[in-house]
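Please walk through this structure step by step. Begin with the sheet, then follow the strands, helices and loops around it.

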Amino acid sequence: MIVVAGEALIDLVPVALPPGALLPRPGGGPYNTALALGRLGAEVAFCSRVSSDGFGESLLAGLRAAGVDLSLVQRGPEPTTLAVPSLAPDGSASYGFYVEGTADRLFTLPPALPDGVRALALGTCSLVLEPGASAYEALLRRESRRGVLTLLDPNIRPALIADPAAYRARFLERLLPHTSVLKLSEEDAAWLGGRVDDWLAAGPSAVVLTRGAAGLTVRTREGGEYSAAARPVTVVDTIGAGDTVNAALLHRLTARPGGPVDWPEVLAHAAHAAALTCTRAGAEPPYASEL
């Protein structure tokens, strides 16, 4: 089983008509990753704290429909976090957030995960918003120590980070030493200000960099470097594309645990899945049958 831990929220996505209207869509990096894994046919569980309000119920219904295990989900009466993406002409998105007093940031460290868990993925807002951020960090450290493959996607949202220097220090000194695979975008890398060699030296065995229309690249601790081209598609928006990459990476990396990684094939699989997500409004990752 793969466990995805982190926030579930509602994206208020702009629509063309009527002018200025916003359409509520399920979202959040970890939520999208879990949804994508379920649609790819992976055995996956979501680990988070979700509101008992109407939005929270709809979020869980979406995961349930994709076959995601919800036994690790905590519930609370606080409202659901809201994100408001602004879309650029090329379909890329930036975000504003409504996070004060919301349910997902009150996540607490769960008991030990089941022995059958092979991988754990974390990222985005859940790494920033306290007190939940410390609980997610503790989960990462605990599961890494017992040999679980861990994937970290910082998915930087500058509007949420009050102290960038403190966040960068936490990322390098407290998160990376317990990370097996670091996946980040070129924009994330520029904001963090580090180098791939430094990140590899801190802990991960591989760093996967997403480069938009230029595709994906991975660097490994052993010195290997591999790339895959992006699939040419008509982009509606890029919401959820990076989260779909997370899911596709984990889907392939856990298929043959302990064996050599065919990185060109893994990256090509991720590029294909992400491209299909970009052809749809909001975070709508593909099903296995579409690949």
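**The sheet and its surroundings**

An open sheet is built from 8 strands, in the order β4-β1-β9-β10-β11-β12-β13-β14, with mixed pairing. Because β4 (44-47) and β14 (225-228) stand at the edges with a single partner strand each, one side of each has no neighbour in the sheet. From one strand to the next, the twist averages 15°. Strands of a sheet pair through backbone hydrogen bonds, parallel or antiparallel.

This is a predicted model: local features need pLDDT of at least 70, side-chain atom pairs count only at pLDDT 80 or more, and totals for chains, interfaces and linings use all residues. Residues are numbered from 1 along each chain as its sequence is written, and side-chain values use heavy atoms, with hydrogens and water left out.

Some terms come next. Helices (H or I, at least four residues) and strands (E, at least two) are DSSP runs, numbered from the N terminus. Two strands pair if DSSP finds at least two bridges between them.

Now take β1 (2-5). β1 runs parallel to β4, and 4 bridges join them. β1 also runs parallel to β9, again with 4 bridges. A5 shows both pairings: A5 stands opposite C47 in β4 and opposite L122 in β9. Both faces of β1 are covered. I2 and V4 on one side and V3 and A5 on the other are all buried (under 20% relative accessible area; exposed is over 50%, partly exposed in between, with a 1.4 Å probe and protein chains only).

Further along the sheet, β11 (residues 181-185) and β12 (residues 206-210) run parallel, joined by 5 bridges. Within this pair, L182 has V207 in β12 as its bridge partner.

What lies across β1, β4, β9 and β10? Helix α3 does, running at about 155° to β9. Axes are lines fitted to C-alpha atoms, for helices over the stretch in contact (heavy atoms within 4.5 Å), and angles run from 0 to 180 degrees between N-to-C directions.

The loop between β9 (119-123) and α3 (132-145) holds P131. A cis peptide bond joins E130 and P131, with omega at about 5°. T124 lies in the loop between β9 and α3. Phi of T124 is near 60°, a positive value in a residue other than glycine. T124 counts as buried because its relative accessibility is 5%.

Another positive phi, near 40°, belongs to N155, a residue other than glycine. N155 lies in the loop between β10 (149-153) and α4 (164-175). Is N155 buried or exposed? N155 is buried, with a relative accessible area of 12%.

Next comes the loop between α7 (241-253) and α8, where T254 lies. T254 is buried, at 6% relative accessible area. Which residues does T254 contact, leaving aside its neighbours within four places in sequence? They are I2, R118 and A119. The side chain of T254 also reaches the backbone oxygen of L250 at 2.7 Å.

End at helix α8 (residues 263-278), which contains A268. A268 is partly exposed, with a relative accessible area of 34%. A268 and A228 are 40 residues apart in sequence. In space they are 5.4 Å apart, C-alpha to C-alpha.

Notes. A polar contact is a pair of N or O atoms within 3.5 Å; within protein, one must be able to donate a hydrogen and the other to accept it, and residues adjacent in sequence count only if both atoms are side-chain atoms.
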